[in-house]
Amino acid sequence: MSARLLRKVLQEQEEQLQQLDNDDDSDSPDSAAPSKNIFNLLNEDEEDVDQGDESEIANETLTRNINEQESFVEKSTADVVRTSNHKSKKKKKKKDKQGSFSRVDKAENPLDGILKTLSLDSNSSSNQPGSTEAKSENAKVRENRAKQSTTSVLQVDPKFLRAENELRRIFGAKVVSSFENSHQTSSSRQIRGGRRGSHNPRKTILVLPSDHWPRWDGSLSMESLESKDGFHYFRYVHSSSYGQAQRAFEAAKSIHDLNSIASVLMYHPFHLDSLITMADYFKFVGEHHMSADATAKALYALECAWHPMFTPLQGNCQLKFSHETNKPLFTTLFTHMKNMDRRGCHRSALEVCKLLLSLDSDDPMGAMFCIDYFALRAEEYAWLEHFSEDYKSDNSLWLFPNFSYSLAICRFYLEKDESSKETHVENAKATSTDLMKQALMLHPSAIKKLVAKVPLKDQAWTNILKQAFFKSEQTGSLSLDHLINIYVERSYIIWRLPDLQKLLRNAALLVIETLESNGSEARDWACVRKEAFSSQKNEYGHLLVSDFSDSVPTLPPDNLQNFMADPRMREEMPNVNQGVNPQGGDNAPRDLTNRSALAVLFESMLPWVDYGDRVEEEAAENNEPNGHGPGHQGQ
């Protein structure tokens, strides 16, 4: 289309707009319809214009239109919007983006944008209330962007969420598939209730459901509470059948009866507290695979109950730990995260840790104090620096002992990568040696604990620990001492690498030289430490150091009957003298004499097995060592 025809079309449109503005009596869009179809002009000239020339002509035309429409813009905003609506109704929609029709639309659409922009400018020039509303909207946008930086850094990548995917990347798909096939035969024996019809389990993103798991019974659901500040709040809801199972579990828990808890799972296979208790029990007896299976089954039930609007991978959903029904999700995710770390799937553990941290901004499980460890083990150094800078738009994470040391390690490996790629480190960022010196000045008490835990047996550490600055193991703050204990217990294994030991040793020697020349720096850092951790009580006492440990404690067999659930979920419950079997079945008890406790536990999960009271078993155990049992009477 030639420039002459384009100017002619725009001029006719302007005349029609002015005619519509003067005609106040006509409200019908048909009355203002043009007597001539302007698109017929496209066939009058066969000369084409390049895209670059068309854009230049359109810009010149629009600039001329701005000058010609000054009087038109001074009118009320309502007239401008009404006129724009009339004009938009008369335009035909075209879908072909490469034809000549699309080029006309490209010339018309900028005109609409200019009119809207000018109408906003006229509002602001006349000091209308719209300008104040626009400013408030801009303020809200800035606040939302600050919150989005927190949610974006905690977004979970679903392809790294499952441990099975990471194992395939580490060992190869063939090795993992052969292991799964060999294990599938033994897992099929765990099907309870005899032969059951085959079913396809629901697809989930957190765990890969096993074929031997029962069908989801729908005993859990989730409800939406509110949406506030860009976050959506949810809560789990129990059904009536789940409430019955919960009462049976509490009764079994009050008398410390594991068999009764197992019987709850016979009738309610997705009861969360029972699954968590059995997972802990399997962990204590050394059956880590069975423990992981029970934990995965609990996660499967929790995910099947998700609300359709619940999208936790985006980091914009909140499940407050204060709601009692939400607590099992946090406990199960934390256990699942440790299971994946034990299997060497550190990237998957990192994704679960991000999910755990995003669900409740109060961080009830202490995910903040192990997320740096998983990031280092997964070699996500750039992400860790980005997280420390953008999380909650706060740069105070380096004050925590775990981030103080981990950021120095992170910078050390980033420098290593940059040197291998023959690039230069940004001058704006401190070096790894400076960050390590800063960590030692801020948390010197961590050195002595690290030397004992790793252990570091170099003679240089003996000389370093003789210095007065590194002698003390206490900081004077209960909260800080507790966090240092958690850091040493969680991350000590990282310091077994020779390169990091050298970095720590050199930084400690530099700190000693600095304090010899300027002793006031120690007092300055002590003031920073006291200001950051000013509370007189332990604010992190609800976090157990043992929960961040790699070692698994074992209980003597005599104490297994007193086994309880997770300490965070313990509550004082009255002793309820009622039966814990929901169905009240009267099956014949089996004899447990001279049988393995682990085999008895596996058998107890079968629906037709009943062991009755333990009095006879205890009596048999007491009589057999002395040789006075019934079987020895004739000897």
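1. Salt bridges. The whole structure contains 15 salt bridges, each defined as a side-chain nitrogen of Lys or Arg within 4 Å of a carboxyl oxygen of Asp or Glu. The model is predicted: local features need pLDDT of at least 70 and side-chain atom pairs pLDDT 80 or more, while totals for chains, interfaces and linings use all residues. Residues are numbered from 1 along each chain as its sequence is written, and side-chain values use heavy atoms, with hydrogens and water left out.

2. Asp 360 and Lys 320. These side chains meet in a salt bridge at 3.1 Å, N to O. Asp 360 lies in the loop between helices H14 and H15 and Lys 320 in the loop between strand E3 and helix H13, so the pair ties together parts 40 residues apart in sequence. Helices (H or I, at least four residues) and strands (E, at least two) are DSSP runs, numbered from the N terminus. Both Asp 360 and Lys 320 are buried; buried means under 20% relative accessible area, exposed over 50%, and partly exposed in between (1.4 Å probe, protein chains only).

3. Helix H14. Arg 347 forms a salt bridge with Glu 351, with the closest N and O atoms 3.0 Å apart. The two residues are four apart in H14, separated by about one helical turn. Arg 347 is buried at 16% relative accessible area, and Glu 351 is buried at 0%. Arg 347, Glu 351, Lys 354 and Glu 380 are linked in a network of salt bridges.

4. Glu 385 and Lys 429. The closest N and O atoms of this salt bridge are 3.1 Å apart. Glu 385 is buried, at 9%, whereas Lys 429 is partly exposed, at 33%.
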